[in-house]
Structure formats: C-alpha cells, structure tokens
Amino acid sequence: MTGGSFSRVGVVGLGTMGAGIAEVLARGGLAVVGVEVNQDALERGRGHLEKSTGRAVKRGRLTEDAQREILGRVTLTTDFADLGDCDLVIEAVPERLDLKRRVFATLDGVCRADAVLATNTSSLSVTDIAVTTERPTKIVGVHFFNPAPVMKLVEVIRTVLTEPDAVDRVAALVRDLGKTPVTIGDRAGFVANRLLFGYLNQAAGMLESGHATRDDIDTAMTAGAGLPMGPFTLMDLIGLDTCLEVLEAIHAETRDRRHAPSPLLRELVTAGLLGRKTGRGFYDHGAPKAEAPAPADGPAPVVGVLGTGAFADAFAALCDRAGAQVRDAAADLADCDLIVEASGDAAAGRELLAAAAQAAKPGAVLAVTSATVPVAEAAMASGRPADVVGLHLPDAAGALAEIAETVATGAGVADRAAELAGRLGLTVVRCRARAGFIVDALRFPYLNDAAAMLGAGYAGPDAIDAAMTLGCGYPTGPIADLDRLGIDRAVAVLRALHAETREPALAPVPLLTEHVTAGVPLR
C-alpha cells in the first residue's frame with residue numbers, strides 16, 4: 001500500500017474543509033470515499049471538488065486530464081456502509097462534540113476493526129471523541145488547515161490511548177501527500193490555533209476598549225509586524241462563529257483569560273454578523289473599499305534626535321532618507337518641528353526631553369519612543385506635557401510609526417505628530433498611550449504563549465515555528481521571532497504590560513527570564 005500503508009481513505013463531511021481533504025487525498029493517488037448526510041449535501045460537496053480543481057485548471061496548475069483523474073478517484077455516497085473497505089476514515093463534520101461522537105459511533109459499526117479513524121477537529125479534545133468509541137487505540141487527530149489543497153501544515157494529534165503505529169502511519173500519509181506533519185499531544189487548540197486565537201482575541205479586546213481603531217490595528221499588524229493580514233480581516237475570513245467556538249473550547253480547558261471570548265466577538269456572533277460568509281462582521285464586505293490615505297504633503301520636517309545607540313542612529317538615518325534636516329542633543333533645537341527622545345534609558349531620556357522642551361519653539365512636537373516606559377511620565381517631567389506624544393517604531397528599519405497620545409496631550413498635537421511622521425515617509429497608526437502601543441502589545445504576549453508551550457515540552461521549536469509559518473502563513477515562527485527581536489526586549493515589554501494590567505498571562509514565562517539571565521538564545 002502507498003500513503004503510510006493506507007490505499008483507500010474515507011472522508012465524512014464534504015463541506016469546504018472535507019472536500020479539500022478529499023481533493024488532497026485524490027491528488028495523492030489514493031482512492032477516496034466521500035460521505036455526506038443526504039443527497040443535497042453530497043451535491044454541494046461535489047460542487048466544492050469541481051470548483052476547486054476547476055480553479056486549478058484555469059490557473060494552469062492542473063491539466064483537464066489530471067482534473068478528471070482526480071475526480072475519478074473520488075466516490076461520493078450517502079451510505080456509511082461504503083466505508084467498510086477503507087483503511088483510514090477522516091471525519092470533517094462541524095465542530096460539535098455531540099455530532100462527532102455520533103459519527104464515530106456509526107463508523108465503529110461499519111469500518112473494519114483494523115481501520116484507523118481520524119478527526120479533523122481544530123479545537124475539540126480528541127480524547128473526548130476517542131473514549132466513546134470501540135477502538136480508542138486507533139483514534140487520531142489529523143488537523144488540516146483551510147484551504148487544505150494549499151496549506152502545507154497538518155497537525156497529527158495523539159492521545160494517551162492512541163497506538164504509536166496509528167500515529168506513525170497517519171504522519172507518513174501526510175508526508176506522502178506533500179504536507180508537513182507536526183505530531184503533538186491532545187490539548188485544545190493544539191499548536192497553531194492555541195497561539196493564533198489568543199492573539200486574535202486580544203485584538204478584539206483592544207478594539208472594544210477603544211485602545212485603537214479596527215483599521216489601525218489591522219494596518220499595524222501588517223505594516224509593523226509583517227503579517228499577511230490583520231486580525232480583524234483574518235477573523236472575518238475564518239468566520240466569527242468559528243472563532244468563538246475555538247476560543248470557548250480552549251478556555252474550557254485552560255481557564256486562561258486570554259482565551260475567554262471577547263464580549264464584542266460574542267455580540268457579533270449573536271447578531272448573526274459572522275464575517276465574509278454573511279457579508280458583515282468586523283467589516284462590512286458589501287461596502288465600497290476604502291481608498292488608501294494619500295501620502296502626507298509638505299517639506300520634510302526639521303527633526304531633533306536625542307540620545308545615542310542603535311535606535312537613535314536608525315531614526316536619524318530614516319530622517320536622512322526622507323530629506324529631513326537632523327539635529328542632535330548638542331545642536332540648536334530651536335527650529336525643530338519634531339524632537340524625538342530615543343535614548344533607550346528612562347532617566348536619561350527624561351532629562352534630555354526636559355532640556356529640549358526648554359529650547360523647542362512653540363508648536364514643536366516632543367516624542368517619546370519607548371514602548372515600556374509610560375509616555376505620561378516623560379510628558380509630565382518635560383514641563384510641556386501638552387506637546388508630548390509617544391512615537392514608536394516597532395521595527396527601527398520599518399515603515400510603521402505608532403502615535404500615542406496621553407490624557408495631557410493637547411488638542412491637535414497627535415494630528416500634527418502624525419502629519420510630521422507621514423512627511424518622513426512613514427505609515428502612521430494611532431492609539432492610546434499604553435505599554436507596547438499596538439504591535440508590541442499584541443506580538444509579545446503571543447510570543448510569550450509560544451515560549452510557554454516550548455517550556456512545557458508540548459512541542460519543540462521547529463514544530464511551533466512550522467505550525468505558524470505553514471499553518472497560518474506567518475513570515476517567521478514565534479521562536480525564531482523571539483531570537484530575532486531579542487528575548488531581553490520581549491521580557492521588558494511583557495513586564496511593562498504585566499505592570500500596567502496585572503494580567504497573569506502577560507507576565508514573561510520562566511523560560512524567557514531564564515534565557516535572558518543566561519544571555520543565550522532559545523535555539
């Protein structure tokens with residue numbers, strides 16, 4: 001037999017995911033039996049298969065002959081008894097434990113005793129499904145990502161009851177299909193969803209609290225963190241009902257408040273606003289697409305850069321590229337439009353800003369760049385708190401600037417800061433003056449979650465990184481990101497977030513503090 005000793009595979013449930021799994025199997029040369037509950041659902045499943053493979057033909061990725069061969073390997077039926085000769089059956093019905101248990105009870109009655117049964121659950125306990133069957137040793141989780149024909153990651157989940165041979169055979173099948181298997185234990189959300197949905201839920205809470213707007217949060221995470229899409233665009237694509245189901249499942253197991261669903265998310269689901277599939281969620285998908293804001297006009301500003309070190313040098317270089325005149329702390333700051341404190345030291349920075357405030361002309365904007373020191377502290381120490389904003393670049397060499405105003409910031413000052421940053425060629429987002437601004441406040445708790453997973457021995461660094469790059473399309477995995485961004489920086493931001501919120505989940509996990517103390521990377 002091919003495919004990890006499986007040659008005939010059944011798929012129960014032919015929605016978008018189930019049909020995608022059936023297509024992947026058929027593309028791999030396997031005979032597939034697709035089962036649906038009634039003829040109407042079966043025809044919808046057939047439509048999914050024909051549409052997906054037809055799209056590949058139009059894009060030149062399949063020939064018409066290859067499409068016919070793939071579709072010819074798939075037998076569609078409403079009779080579960082047709083699964084009797086299958087070596088492996090994959091369940092892909094909706095995420096309801098009662099429904100999945102009923103499906104597995106039926107499979108127990110029609111499948112061979114040596115057949116392996118797998119669930120494609122994305123959040124439910126595989127063990128809870130396995131213990132209700134007559135063959136718990138042959139139950140495996142096999143979590144494909146949508147769209148299954150495209151996404152490379154497959155999480156293979158073992159329970160404490162699963163025979164190692166069953167896990168090994170499923171992982172071998174996944175490899176034979178050209179996918180990357182990550183074999184892990186049975187925890188709600190597994191790797192990718194457990195990490196992804198904590199971040200998505202935090203973004204929803206950030207919006208609900210008024211910390212920043214939907215559009216600014218989405219822009220911050222694409223332009224500032226390099227993600228393929230912002231959290232609200234992604235949640236609308238996934239489906240807000242699915243997001244709620246996954247969060248509820250993870251929270252039920254962990255009781256971690258990071259996974260307690262945002263009231264805003266629950267409200268949208270209750271109202272039937274589920275994202276793209278209903279036309280409206282966080283976004284109105286029927287509304288005309290908003291035009292990108294025009295670049296800021298006007299001459300490059302005169303900028304004072306206070307402090308020394310890598311960030312100060314990077315900001316000065318950015319100003320040079322924009323054609324701005326740059327002054328340092330030893331120069332005359334009287335003609336500066338924008339003065340940026342970039343010392344990297346809280347006490348020294350306050351002294352530099354206070355001195356600069358005395359020399360600066362009326363109307364000059366004073367900016368604090370630290371994401372870990374409260375902007376309001378520096379503002380009050382400056383003697384000109386109405387002129388002070390936070391101006392944070394999550395990546396010193398990047399194009400995103402986060403502008404944060406305090407309760408003491410004067411009317412129009414944050415607007416002026418945004419305009420000046422725009423004239424330096426930066427993409428600008430706005431938020432309240434809180435630890436981490438937007439990007440770091442969302443990014444580092446997610447990285448902390450990944451470090452907790454690594455520290456607990458649940459998955460190794462390669463598996464965690466593969467889950468997020470191959471399963472979620474992230475440019476780099478979280479363990480690689482921690483080493484790239486700096487574990488010391490991660491710990492500093494997390495400590496600032498924890499000090500501000502007293503949220504236990506935001507305290508840096510022991511693995512990070514240990515590595516900072518030892519001065520060694522995670523890999």
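Reader: How many strands form the open sheet that includes E10 and E15, and in what order do they stand?

Author: In this predicted model, the open sheet has 7 strands, ordered E10-E9-E11-E12-E13-E14-E15, and its pairing is mixed. An edge strand pairs on one side only; here these are strand E10 (325-328) and strand E15 (427-432). On average, neighbouring strands of this sheet are turned by 30° against each other, direction ignored.

Reader: Which helix packs on this sheet, and which strands does the helix touch?

Author: Helix H15 (residues 413-423) packs there, in touch with strand E11 (338-341), E12, E13, strand E14 (400-405) and E15. The direction of H15 makes about 155° with that of E15.

Reader: In which sense do strands E12 and E13 pair, parallel or antiparallel?

Author: Strand E12 (residues 365-368) and strand E13 (residues 388-392) pair in the parallel sense, over 3 bridges. To follow the pairing at the level of residues, one may look at Leu-366, which stands opposite Val-388 in E13.

Reader: What is the strand order in the open sheet of 8 strands?

Author: The order is E3-E2-E1-E4-E5-E6-E7-E8, with mixed pairing. Strand E3 (74-77) and strand E8 (180-184) stand at its edges; each has a single partner strand, so one side of each is left without a neighbour in the sheet. Neighbouring strands of this sheet are turned by 25° against each other on average, direction ignored.

Reader: Which helix packs on that sheet?

Author: Helix H6 (residues 164-176) does, touching E4, strand E5 (116-119), strand E6 (139-144), strand E7 (153-157) and E8. Between the direction of H6 and that of E8 the angle is about 160°.

Reader: How many bridges join strand E1 to strand E4?

Author: Strand E1 (residues 8-12) and strand E4 (residues 88-91) run parallel and are joined by 4 bridges. Within this pair, Gly-10 has Val-89 in E4 as its bridge partner.

Reader: What is the handedness of the crossover from E7 to E8?

Author: One begins with the two strands: E7 and E8 run parallel and are joined by 5 bridges, with Glu-155 opposite Val-182 in E8. The chain passes from E7 through H6 to E8, and this β-α-β crossover is right-handed.

Reader: Which residues of helix H9 are buried, and against what do they pack?

Author: In H9 (residues 231-238), the buried residues are Pro-231, Phe-232, Leu-234, Met-235 and Asp-236. They pack against helix H7 (192-208), helix H8 (214-224) and helix H10 (240-254). Just after H9, Gly-239 takes a positive phi of about 110°.

Reader: Are Phe-190 and Arg-255 buried or exposed?

Author: Phe-190 counts as buried because its relative accessibility is 0%. Arg-255 counts as exposed because its relative accessibility is 58%.

Reader: Where is the cis peptide bond that involves Pro-147?

Author: This bond joins Asn-146 and Pro-147, with omega about 0°. Pro-147 lies in the loop between E6 and E7.

Reader: How many disulfides does a search of the whole structure find?

Author: The search finds 0 disulfides. Cys-111, for example, is in no disulfide: the nearest cysteine sulfur, that of Cys-86, is 6.8 Å away, whereas the cut-off is 2.5 Å. Cys-111 is also buried, at 9% relative accessibility.

Reader: What can be said of the protein chain as a whole?

Author: The protein chain has 20 helices and 15 strands. Its radius of gyration is 27 Å, which agrees with the value near 24 Å that a compact globule of 523 residues would have. The C-alpha atoms fill a box of roughly 85 × 50 × 40 Å along the principal axes. Buried residues make up 54% of the 523 residues. Of the contacts between residues at least 6 apart in sequence, 68% join residues at least 24 apart.

Methods:
Residues numbered from 1 in each chain as written. Predicted model: local features only at pLDDT ≥ 70, side-chain atom pairs only at ≥ 80, totals over all residues. Heavy atoms only, no water. Buried < 20%, exposed > 50% of the residue type's maximum accessible area, 1.4 Å probe, protein only. Pairing = 2+ DSSP bridges. Axes fitted to C-alpha atoms, helices over the stretch in contact; angles between N-to-C directions. Contact = heavy atoms within 4.5 Å. Right-handed = clockwise from strand over helix to strand, strands pointing away. Rg over C-alpha atoms; globule rule 2.2 N^0.38 Å.
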